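The sequence and structure are shown first.

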Amino acid sequence: MAQKPDVFAFLEHPRQDPDVYPLKIRKTEFREIYKPMTAEEASGQAERCLDCGNPYCEWKCPVHNYIPNWLKLAEAGRIMEAADLCHETNSLPEVCGRICPQDRLCEQACTLQTGFGAVTIGAIERYIVDEALKQGWRPDLSRVRTKPWSVGIVGAGPAGLACADIMTRNGISVTVYDRYPEIGGLLSFGIPDFKLELQVMRRRREVLEGAGVHFKLNCEIGRDIQANELQKMHDALFFGLGTYTPVEASLPGMDKGGIVPAMEYLIGQTGHLYGMDLPGYEHIDLKGEDVLVLGGGDTAMDCVRTALRQGAASVHCVYRRDQQNMPGSQREVNHAMKEGVRFEFNSQPLRLIHEDRKLVGLEIAKTRLVTSGGGRARPEIISGSEQVLPASALIFAFGYRPSPPQWLQDIGVDTDEGGLVSMKQRLPGQTSNPAIFAAGDMVRGSDLVVTAIADARETAQSIIQYLEMAQPQLKRA
Ligand SMILES: Cc1cc2nc3c(=O)[nH]c(=O)nc-3n(C[C@H](O)[C@H](O)[C@H](O)COP(=O)(O)OP(=O)(O)OC[C@H]3O[C@@H](n4cnc5c(N)ncnc54)[C@H](O)[C@@H]3O)c2cc1C
Ligand code: SF4
């Protein structure tokens, strides 16, 4: 007879996050800070799940993962089946397990979160998929019937990869084009290795190639292939181009030097780490510098922690609201604090200070948060609170706006006044050109990996519907 589950396991085993490497090591290295879970740890933590009748974690997860079901399989050590289930709803579960802000998604919604500590859902998702891939897991495509359609995907970020995954599982041939030398988009070139190592994306490329996805890397659409040419090569197109226009600040003294652009800094560091030639992304070394990073989101956290690992003399994060109001993951903020980053909360930058055209400081004023009209609390400057923070390098990390290329218009893809792709047709993800679809940051605005994946998977279903409607004689092929 099957053993009855221990519903009080959460009392016997407290929540236990995976171990992290000692501070001394991790502050100097560009590698993931979490150690892999052991089979026993994963099983013990998975056993804590209450298997709630109406699992809120599933609802809060943007791809609606079957969380309690794969936790049960992980508890029983049935890793290959658990990996199959993880991939039913998510195209990059090993990535989401690593970098989703679980503290405001699935784990925040876990019933045990109040009082007992949520189940370590993200870490177990990562464990399942890493372990299964190590044991040779590959998607089972044996029952897939090949269709005679070809879809061109531009952008090998999470949106493009999720679309490629669904196409392949439906027997549709795909070619993914990307201007970078490796797949992943921001996963490989924006997000540093201490959160997500590049080898994770290399391994995923092997899985996708094994499933039949063709990648054409180092290929920029609009430069190496014109968009109208691409249209002729495929039955439908999908765009997941991301958002790359930095939100600019305007402070007195900005024109006098000392400013490091955030994205260029992060991408240059990855290129340097892996010896890749990434034209336009020089390696910027902040060793010995007094670094100030302005902003409170994921990009800001990645910049401060990169500067720390490069050996900066001091690293401060300047944010105009308080810690509770930071937009990024609190887990990453806590890591940054532990690693030695100093936070200047409630601080509004006023002007850059230079001596002989060399940046020496940033004048700030302290703020208080004011709520009016039920909106987000607004920072208000406290007069007389001005002070100067020493700085020799300043990084603005205020997020990214859309960066639609000019050629989108030429092929009939409309964008709104802010530059986001407009969705005007009947099917989710269908642009103003019915044969062209889009998802991810370029449609939603800068957001998360998991939302890019969720939107792209839904859009991929639209592409299938479109192909079947446009060419019904091929539906039964
Ligand atoms: C520094 C940083 C840290 C982040 N940290 C996190 C995090 O911890 N957790 C999280 O969930 N989210 C995080 N995000 C957000 C997340 O990375 C994005 O929301 C997500 O990557 C968007 O996916 P995407 O596929 O839409 O675009 P992208 O990942 O930007 O991919 C777009 C791809 O399109 C390619 N491309 C663009 N134009 C062309 C062209 N003309 N021809 C060929 N290829 C082209 C680009 O090379 C790129 O590979 C972070 C973002 C940044 C900037
Ligand atoms: S995909 Fe993200 S939100 Fe969903 S279960 Fe995994 S870690 Fe949680």
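## Terms

In the classes used here, Ala, Val, Leu, Ile, Met, Phe, Trp, Tyr, Cys and Pro count as nonpolar, while Asp, Glu, Lys and Arg count as charged. The other residues, with Gly among them, count as polar.

## Cavities in the model

The structure is a predicted model. When the whole structure is searched, four cavities of 30 Å³ or more are found.

## The largest cavity

The largest cavity holds about 120 Å³ of space. Its lining consists of 15 residues, and those nearest the centre are Cys49, Cys52, Cys57, Cys110 and Thr111. Two elements, helix H4 (56–60) and helix H5 (67–75), each give two or more residues to this lining. The greatest contribution comes from H5, with three residues.

Sorted by class, the lining of the largest cavity comprises 13 nonpolar residues, one polar residue and one charged residue.

## The second largest cavity

In the second largest cavity there is about 80 Å³ of space. This cavity is lined by 15 residues. Nearest its centre lie Cys61, Asn65, Cys100, Cys106 and Glu125. Helix H9, which spans residues 121–134, gives the most to the lining, with three residues.

How many residues of each class line the second largest cavity? There are 10 nonpolar residues, four polar residues and one charged residue.

Note on methods
Residues are numbered from 1 along each chain as its sequence is written. Chains are lettered from A and ligands numbered from 1 in the order in which they are written. This is a predicted model: local features need pLDDT of at least 70, side-chain atom pairs count only at pLDDT 80 or more; totals for chains, interfaces and linings use all residues. Side-chain values use heavy atoms; hydrogens and water are left out. On a 1 Å grid over the protein atoms alone, a cavity is a set of points where a 1.4 Å probe fits but cannot get out, and a pocket is an open set with protein on both sides within 12 Å along at least five of seven lines; lining residues have an atom within 4 Å of a point. Grid points are joined across faces, edges and corners, and a volume is the space filled by probe spheres set on the points. Helices (H or I, at least four residues) and strands (E, at least two) are DSSP runs, numbered from the N terminus.
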